Amino acid sequence: MKILFFLNIMRKGAGMINREMCFANELHRNGHKVSILSYFKPTSKVDEGISVSCVYPTKYIDKLYNHFLSFPYAFIKIFIVLLVMRPKIVIVDLPMEAYWACKFRGLLGYKIVFTYHGVANEEFYSGEVAESLSRLRKFGHDMLKKVDKVFVVSDFLKDELEALGVSCSTLYNGVDCERFKIKDSSFKDKDKLLFIGRFTEYKGALNLIKSFAKIADQAPNASMDMYGYQESEDYLAEIRKFIADHKLEKRINIAGEIDQVKVSSLMQECGIFVNGSIDETFCMPLLEAQASGTPCIAFAAGGIPEVVADEKTGLLAEPDNIEQMSKNMLKLLTDSDFYESLCEGTAKHVESFYYQNLVKKLVTELDGCAMQGGSVG
């Protein structure tokens with residue numbers, strides 16, 4: 001089957017993009033003819049044998065992605081690539097790529113598959129950001145109604161789309177087992193908690209810090225390293241003040257973004273991976289941590305209960321329940337037998353999330369989609 005992935009930019013470490021690139025590799029390894037169209041200059045690579053084209057030879061997304069002057073050029077370039085590649089299936093994961101794919105579907109006869117990852121809840125933002133997210137959600141919903149097949153990355157998202165009358169199938173995000181590998185738990189610093197995410201309100205870093213503060217005296221050897229994009233300066237200032245007020249400067253380390261090469265080693269070396277999000281449709285870092293053999297602590301928000309098996313690979317608390325979160329931290333820091341059982345549980349749990357296994361369902365779904373309304377291509 002000839003399959004084209006149309007992405008906004010091939011960038012290593014970006015959750016939704018990493019998903020499609022891994023699926024592209026697996027489909028290619030299974031004998032399918034796979035190509036990729038990147039809207040902007042790729043900054044990452046895939047397997048040899050996969051043809052990669054780009055619309056714009058630049059990585060400046062904000063300059064051209066929605067600029068009206070760029071549309072005529074994009075129209076011509078995208079059409080030429082699709083005409084040359086002649087795919088049977090075009091897979092997209094963002095509304096703008098779905099928009100362009102719909103432009104030429106009638107002429108070239110392919111089917112469009114849209115993977116919906118959800119949109120950040122505008123309730124957690126304000127002003128222009130909230131308005132932009134609202135517009136993006138509406139645009140995405142409009143495109144979902146026009147494509148031939150819709151995947152969601154978690155069952156949690158099904159309710160949102162079913163309310164729109166959009167039929168969908170769940171195809172989970174996977175984990176790249178070449179990057180994230182389980183090591184013996186004796187290799188871990190079991191007193192080290194690790195957060196990798198964004199410092200913004202709904203990602204909940206402050207809730208994690210408040211939870212840690214509650215058990216700091218009972219777990220005197222515990223520490224927490226926190227890495228991520230420092231999105232909200234006011235929120236970060238609030239975090240630093242709390243740490244200072246509770247004299248936790250030597251035990252909680254706040255750092256910026258981290259090189260993606262180091263992410264897997266940090267996940268392997270830490271004892272517990274923590275996440276404070278209260279708005280997640282899936283949460284890739286939680287899956288990657290488990291693939292590294294590391295138990296997780298998080299809130300049971302959105303699609304997270306589908307990623308972390310409560311009391312089998314980690315512990316979940318009710319959203320915003322800091323008291324319960326702190327008790328979960330203390331249990332993993334002090335109950336060695338339970339901790340080891342969770343480490344063992346991660347190996348079996350993540351097997352179903354390996355791309356080698358997920359691609360089987362993807363192929364079955366794509367075959368069905370390709371035959372809808374007759375053969376295409």
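A: Two strands are said to pair if DSSP finds at least two bridges between them, and strands (E, at least two residues) and helices (H or I, at least four) are DSSP runs numbered from the N terminus. This is a predicted model, in which local features need pLDDT of at least 70 and side-chain atom pairs count only at pLDDT 80 or more, while totals for chains, interfaces and linings use all residues. Residues are numbered from 1 along each chain as its sequence is written, and side-chain values use heavy atoms, with hydrogens and water left out.

Q: What is the strand order in the open sheet of seven strands, and how is the pairing directed?
A: The order is β3-β2-β1-β4-β5-β6-β7, and the pairing is parallel. Because β3 (51-56) and β7 (169-170) each have a single partner strand, they stand at the edges, and one side of each is left without a neighbour in the sheet.

Q: What makes β4 and β5 a pair?
A: Strand β4 (residues 89-92) and strand β5 (residues 111-116) share four bridges in the parallel sense, against a requirement of at least two; they are therefore paired by that criterion. Within this pair, Val92 stands opposite Phe114 of β5.

Q: How do you know that β6 is paired with β5 and with β7?
A: Four bridges join β5 to β6, which run parallel, and in β6 the bridge partner of Phe114 is Val150.

Q: Which way do the residues of β6 point, and are they buried or exposed?
A: Lys149 and Phe151 point one way from β6, whereas Val150 and Val152 point the other way, and all are buried (under 20% relative accessible area, with exposed over 50% and partly exposed in between, for a 1.4 Å probe and protein chains only).

Q: Why is Glu344 called exposed?
A: Glu344, which lies in helix α13, has 62% relative accessibility and therefore counts as exposed.

Q: What makes β5, α5 and β6 a right-handed unit?
A: A crossover is right-handed if, with the strands pointing away from the viewer, the path from the first strand over the helix to the second runs clockwise, and β5, α5 and β6 make a β-α-β unit of this handedness. Helix α5 (residues 127-144) lies across β5 and β6 (149-152), running at about 145° to β5, where angles run from 0 to 180 degrees between N-to-C directions and axes are lines fitted to C-alpha atoms, for helices over the stretch in contact.

Q: Why are α12 and α13 called roughly perpendicular?
A: The axes of helix α12 (residues 322-334) and helix α13 (residues 336-351) come within 6 Å and cross at roughly 95°. They are therefore roughly perpendicular to each other, since that term covers 65 to 115 degrees, with under 35 counted as roughly parallel, over 145 as roughly antiparallel and the rest as oblique. In their contact (heavy atoms within 4.5 Å), Lys331, Leu332 and Thr334 of α12 meet Ser336, Phe338, Tyr339 and Leu342 of α13.

Q: What is the strand order in the open sheet of six strands, and which strands stand at its edges?
A: The order is β10-β9-β8-β11-β12-β13, with parallel pairing. β10 (252-254) and β13 (314-317) stand at the edges because each has a single partner strand.
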